[in-house]
Amino acid sequence: MSRKRNTGITQGLKYRGGGPMLSWELHRIGGLAMVLFVGLHIIAGFFMQQLGSNWATVVNTVYESVYFQLIIIFLVLFHAFNGLRIIVLDFWPKLLQYQREVTWLQWLVFIPTFTISAAMIIFFELRGG
Amino acid sequence: MSIRTAHRIGFSFEYLMWIFTRISGLALFFLTLLGLIGAFVLGARTQLDMSALIRWTFFPNPNHVVNTSIADVALGWANAWWQVMQMLILFFGVSHGLNGLRVIFEDYIGTSWSRPMMRGFIFLFWLFILIVGVYVILAS
């Protein structure tokens with residue numbers, strides 16, 4: 001794999017990859033965010049549970065905030081649905097001719113799932129939790 | 001431009017991890033689905049709010065449902081079945097995620113010594129996180 005691409009970040013950001021590139025970026029960013037989130041959560045959970053430590057309690061309290069949870073749910077759900085699409089297209093490559101339609105179907109499932117969950121969480125918070 | 005080795009037929013580490021990423025992703029999907037169904041069997045419809053349900057679905061640990069309308073988490077929510085489920089999700093999730101991290105790093109790291117070193121660090125971190133995770137699961 002080549003690492004010297006003779007291009008910089010600004011040039012990369014100008015690449016007009018469209019919808020597929022957005023899916024790839026969200027999938028990768030979500031994956032990174034989850035690795036950081038889950039890793040830190042496991043470690044903080046250990047420290048909070050076994051040693052009663054204060055910084056760990058702070059970290060886990062931040063994790064329990066509504067805004068944080070909404071972002072995480074968005075990234076996890078997108079990563080999951082996009083991942084399912086990738087798995088299907090990897091194991092049945094003949095379906096690649098329908099990539100556009102499958103992506104459309106993916107958003108069709110993702111948007112109601114996320115919106116309904118987010119709405120329920122937000123309304124619950126507004127009613128006092 | 002680095003030299004690309006010609007593709008060899010057979011089972012390489014890369015190929016096996018490619019397969020594992022897909023399999024573990026599917027496994028995570030079905031494990032979380034099972035957790036979601038289990039939650040509804042235990043009475044989540046009347047006892048859990050949405051964020052507690054999502055916390056439980058992502059990882060079925062009783063600490064994720066303590067501040068809810070469940071009378072006693074020890075009745076049904078904190079038994080060995082859920083401990084096994086947690087360990088399965090932990091294993092598949094951590095391995096899937098850290099392999100993804102490796103893929104991302106390998107987009108940027110590629111000299112002869114830094115790639116094996118990076119892989120070594122990720123492998124050690126993988127062992128560490130699995131051990132800490134199993135400890136937390138068993139002590140919950």
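Colleague: Among contacts in chain A between residues at least 6 apart in sequence, what percentage join residues at least 24 apart?

Modeller: Two residues are in contact here if their C-beta atoms, placed from the backbone, lie within 7 Å. This is a predicted model, in which local features need pLDDT of at least 70 and side-chain atom pairs count only at pLDDT 80 or more, whereas totals for chains, interfaces and linings use all residues. Residues are numbered from 1 along each chain as its sequence is written, while chains are lettered from A and ligands numbered from 1 in the order in which they are written. Among the contacts in chain A that join residues at least 6 apart in sequence, the share between residues at least 24 apart is 60%.

Colleague: How many helices and strands does chain A have?

Modeller: Helices (H or I, at least four residues) and strands (E, at least two) are taken as DSSP runs, numbered from the N terminus. Read from that terminus, the elements of chain A run α-α-α-α-α. The count for chain A is therefore 5 helices and 0 strands.

Colleague: What percentage of the 140 residues of chain B count as buried?

Modeller: A residue is buried if 20 or more other C-beta atoms lie within 10 Å of its own, exposed if 12 or fewer, and partly exposed in between, with C-beta atoms placed from the backbone. In chain A, buried residues make up 14% of the 129 residues. For the 140 residues of chain B, the buried share is 26%.

Colleague: At roughly what angle do the axes of α2(A) and α3(A) cross?

Modeller: Axes are lines fitted to C-alpha atoms, for helices over the stretch in contact, and angles run from 0 to 180 degrees between N-to-C directions. The axes of α2 (residues 18-51) and α3 (residues 54-63) of chain A come within 8 Å, and they cross at roughly 130 degrees.

Colleague: Which residues of α3(A) meet α2(A)?

Modeller: From α2(A), the residues in this contact are A:Leu40, A:His41, A:Ala44, A:Gly45, A:Phe47 and A:Met48. In α3(A) they meet A:Ala56, A:Thr57, A:Val59, A:Asn60 and A:Tyr63.

Colleague: Which residues of α3(B) meet α5(A)?

Modeller: Helix α5 (residues 99-126) of chain A and α3(B) pack at an angle of about 130 degrees, with their axes 8 Å apart. That makes α5(A) oblique to α3(B), where angles under 35 degrees count as roughly parallel, over 145 as roughly antiparallel, 65 to 115 as roughly perpendicular and the rest as oblique. A:Ser117, A:Met120, A:Ile121 and A:Phe124 in α5(A) meet, in α3(B), B:Met50, B:Ser51 and B:Ile54.

Colleague: Which helix gives the most to the side of chain B that touches chain A?

Modeller: The contact takes 29 residues from chain A and 25 residues from chain B. On the chain B side, α1 (13-41), α3 (50-58), α4 (80-106) and α5 (114-138) each supply at least two residues. With 6 residues, the element of chain B that gives the most to this side is α4(B).
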